[in-house]
Amino acid sequence: MLLSDLLDAPVRDSDGRALGYVVDVRLVLDGPLDGVLAAPRLHGLLVSPRTGTSFLGYERTDENSPALLARWLRHRHRGTFLVLWSDVVRPDHAPGPRDDEQAVTLRGGYHRWDPALPRP
Amino acid sequence: MKKIFAVALGVLTAIGGFVDIGDLVTNAVVGARFGMSLVWVVLVGVVGICLFAQMSGRVAAVSGRATFEIIRERLGPRIGGANLVASFFVTVLTLTAEIGGIALALELASSVERRLWIPFAGLAVWLVLWRVKFSVLENVTGLLGLTLVVFAVALFQLGPDWGELVDQAVRPTVPQGEGVPTYWYYAVALFGAAMTPYEVFFFSSGAREEKWTAKDVSQSRLNVLVGFPLGGLLSVAIAGCAAVVFLPREVDVTSLSQITLPVAMAGGKLLLALAILGIVAATFGAALETALSTGYTLAQFLGWSWGKYRRPAEATRFHTAMLVAVVVGTLVLLTNVDPIAVTEYSVVFSAIALPLTYLPILVVANDREYMGEHVNGRTTNALGLVYLVIIVVASLAAIPLMIATGAGG
């Protein structure tokens, strides 16, 4: 699977309701050493309810400047949440009609996490 | 002493490096048709490029990331990719115009057909890119470009009616016989000439080439805030010369010989020779910068190793990309297009593409995770938002104005 298979893909819950679009993926570097860095592992997907356009990084932090820009982007992406990769039904296992192949389906009882990253 | 020298060198090369074929042609064309009534746009453009270059230089110095690495990171592969295509196209177009400018200047100096000079100019650009160290190529062309100050000398020698010029500048009106859309079309062109995107790719990647760190931020700010406005004054002098010589005679500027005519009228052969030297240096310097920028943008987006500080064998794809860009620009010119026309289009397309690079830089310059204590202050952000609006409006207005006026008619 490629990153571009996930980005912009529509997201549904287990009942087929549209939840939004994948706007980013979050990786964790906790795998075995691969060269100088630990191998990355896919931690989860960022899902934005209304738009697949870029959030320009304002979802990661509490950064608020320039204020007008931050407010506008937050407004466009209001309700953005993080779902863990373990809550995603792999697209190749997803049930449903074939034209639905591009969509990402979440398990029943998935949890919506806050997309902000804790400050180090 | 060494430090003063470094500061002086930085400022001087910023002045000499400010003017390129886009500024030369657009200012002269505008001066001949609209007098000084569009000088305010140069002012707006110079403040804009100071703001933008200063932000991107600071981001590069502090976070170690050049412009297109940030665009790739913030915009993702798809929008970032569209951004790359647009920016790359504009940069190659500008490179084409600069190589054409070198050939035109050499034609003026030698009376040998420009088409014979074009392959030579392209080859010379590539050889310098291949062989010459970054700091040398930047400083030599920047310092030689300072001879463009002869346009300011010429303006004084021509002995214009200063009151009339100042009056045109501070109370701008659309001259009789010119339409209002044409006035605004040239306003966008002049804005694009002052704020070409490649300057920012080059500036931020150059910060990496010269291995700037947070300590160099104040030096780079000084270079920009002193050098660019003085470079802007050279632009105004070029427009002024054209306004004095061509506006009263109702002659349009369509060739490089016309751009230098006021200098020849005012100071004869010697001044003209200096002007041609300055134009060769300015266009050659800008050709190097744009060619480097094509390599920088592609390599940074695609994650290739890049930089003049690496030997060509260690950055093969970067050097290949630049070679291809230079060859493409040269071939386009050999189709016998008019370099002046290419220039006029390149500055307008620069204005169209500008928001694509400006927005990500503005955002990252505010990110504390990247920038720590060097994030934008309140004043910079206020100005940054004002310019975001100006840049977006100019970008959106450019194509309708181009169609409405038949590209300036």
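Ala407(B) is found in the segment that follows helix α16 (378–405) of chain B. In this predicted model, Ala407(B) has a positive phi of about 55° although it is not a glycine. Ala407(B) counts as partly exposed, because 15 C-beta neighbours lie inside 10 Å. Lys211(B), in the loop between α10 and α11 of chain B, has a phi near 55°, a positive value in a residue other than glycine. Lys211(B) has 11 C-beta neighbours inside 10 Å and therefore counts as exposed. As background, most residues other than glycine have a negative phi, and most peptide bonds are trans.

The peptide bond between Ser65(A) and Pro66(A) is cis, with omega about -5°. Pro66(A) belongs to the loop between β3 (37–48) and α2 of chain A.

Chain A as a whole may be considered next. Two helices and six strands make up its elements, and along the sequence they follow the pattern α-β-β-β-α-β-β-β. Of the 120 residues of chain A, 25% count as buried. Among the contacts in chain A with a separation of 6 or more, 52% are between residues 24 or more positions apart. The mean pLDDT of chain A is 83, and 89% of its residues reach 70 or more.

Helix α2 (residues 67–76) of chain A contains Leu69(A). Leu69(A) counts as buried because it has 20 C-beta neighbours inside 10 Å. Its C-alpha atom is separated by 9.7 Å from that of Tyr58(A), eleven residues apart along the chain. Once neighbours within four places in sequence are left aside, Leu69(A) is in contact with Val363(B) and Leu385(B). The contact between the chains takes twelve residues from chain A and 16 residues from chain B. On the side of chain A that touches chain B, there are five nonpolar, five polar and two charged residues.

The buried residues of α1(B) include Val11(B), Ala14(B), Ile15(B) and Phe18(B). These buried residues of α1(B) pack against α6 (134–145), α11 (217–245) and α12 of chain B.

Two helix pairs of chain B show how its helices cross. Helix α10 (residues 197–209) and helix α12 (residues 256–302) of chain B pack at an angle of about 75°, with their axes 9 Å apart. The helices α10(B) and α12(B) are therefore roughly perpendicular to each other. Residues making this contact include Tyr198(B), Phe201(B) and Phe202(B) of α10(B), together with Leu292(B) and Tyr296(B) of α12(B). By class, the contact has five nonpolar, four polar and one charged residues.

In the other pair, the axes of helix α2 (residues 21–34) and helix α14 (residues 339–364) of chain B come within 9 Å and cross at roughly 95°. It follows that α2(B) and α14(B) are also roughly perpendicular to each other. Among the residues in contact are Ile21(B) and Val25(B) of α2(B) and Ile340(B) and Val347(B) of α14(B). This contact has four nonpolar, four polar and one charged residues.

How values were computed:
Residues are numbered from 1 along each chain as its sequence is written. Chains are lettered from A and ligands numbered from 1 in the order in which they are written. This is a predicted model: local features need pLDDT of at least 70, side-chain atom pairs count only at pLDDT 80 or more; totals for chains, interfaces and linings use all residues. Two residues are in contact if their C-beta atoms, placed from the backbone, lie within 7 Å. Ala, Val, Leu, Ile, Met, Phe, Trp, Tyr, Cys and Pro count as nonpolar, Asp, Glu, Lys and Arg as charged, and the others, Gly among them, as polar. pLDDT is the predictor's confidence in each residue, from 0 to 100. Axes are lines fitted to C-alpha atoms, for helices over the stretch in contact, and angles run from 0 to 180 degrees between N-to-C directions. Helices (H or I, at least four residues) and strands (E, at least two) are DSSP runs, numbered from the N terminus. Angles under 35 degrees count as roughly parallel, over 145 as roughly antiparallel, 65 to 115 as roughly perpendicular and the rest as oblique. A residue is buried if 20 or more other C-beta atoms lie within 10 Å of its own, exposed if 12 or fewer, and partly exposed in between; C-beta atoms are placed from the backbone.
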